[in-house]
Amino acid sequence: MTGARPALDRESAIAAYLKYADRMPQLADGDLPAQTQAVHNILEIADQFDVIIFDAFGVLNSGVHAIPGALSAVSALRKRGVDLAVVTNDASNTAEAIITRHRNRGFDFTVESLVSSAKYIIPMMDRHRDVTQWGIMAPQHWPIDGLPGQSRFLEDDASVYDAAEGFVLIDSDEWHGARQQMLEASLAKKPRPILVGNPDICAPMGDFLSVESGYFAHLAADACGVIPQCVGKPYREVFDDILNRHPTVDRGRILMVGDTLHTDVLGGLAAGIKTLLVTRGGFLDGYEDLTGLYQRSGIHPHFIAPAIGHGLE
């Protein structure tokens, strides 16, 4: 890898998800639905659910803009009395900042309705009591002073990488190839824990895919053989958070809505809830071989729709 920041197209991202699938939650017999039902939009099946969980990027918004019809769909679900939640792997922003962005797009979500992977970074670190020196992949504004032990940002000094007893990969906005090379070289010399606050390989940002922390974590794991430990979709903590809020709701009446098989749909299936995959405005926008992707991944959702508000624009 050169010093430049890597770029991913969709086929490369799919290949990465497939390559690293064995590091993600594994489905048991019976977790997959018998078939995938095509629906026009989410309102067609809304009466089947008491709780609906949305992924943000690729479902509610693409980049800074709300996806057409999403505002109308959310408003209609509110009127039907469905309990709505948002689950995000955006670990670099506070819940307040994330909700403010959604409100600026026109959504009426509250901080209480959001579950972010950031909530589980410190509990994940606390499981490593023997680690006192952490190297952190995050932008300079990220509040590392609140993390356990002593934390330093991973920048351009190789000695910081070598001094770290463990690594936490939170946000890759300021990451580039030279820093990745230092991380991999340091881990190759001495394998250490790799913790990941945003396990996404990529995220849809309108006209491009951003390369996220999960991608760099897997490359680092390839260099040293240490499997990353992750929080966020598709891992259980964020889903259990919402399930614990609704202990009396049958899991068959909870729906996870996402645009990616290996994060949103896989996470929902592993949690034992229903899943809806959307195909426009997000990761799979314009993708023509979903059947082939189902076969290659071994994952398919209960429902599929163009978008949650298709036809409501």
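The largest pocket in this predicted model comes out at about 550 Å³. A pocket here is an open set of points on a 1 Å grid over the protein atoms alone, where a 1.4 Å probe fits, with protein on both sides within 12 Å along at least five of seven lines; lining residues have an atom within 4 Å of a point. Points are joined across faces, edges and corners, and the volume is the space filled by probe spheres set on them. Of the 36 lining residues, Phe57, Asp90, Ala203, Met205 and Glu212 sit closest to the centre of the largest pocket. Two or more residues each come from β5 (83-88), α3 (95-105), β11 (202-204), β12 (209-211) and α9 (261-270), with helices (H or I, at least four residues) and strands (E, at least two) taken as DSSP runs numbered from the N terminus.

Next up is the second largest pocket, with about 290 Å³ of space. Its lining has 18 residues, and Asn93, Thr94, Ala95, Ala118 and Trp142 lie nearest the centre. Here β6 (114-116) and α4 (121-126) are the elements giving two or more residues, and β6 has the largest share, with three. Eleven of the lining residues are nonpolar, six polar and one charged.

Residues are numbered from 1 along each chain as its sequence is written. Linings and other totals use all residues, whereas local features need pLDDT of at least 70 and side-chain atom pairs pLDDT 80 or more, and side-chain values use heavy atoms, without hydrogens and water.

Definitions and conventions. Nonpolar A, V, L, I, M, F, W, Y, C, P; charged D, E, K, R; others polar.
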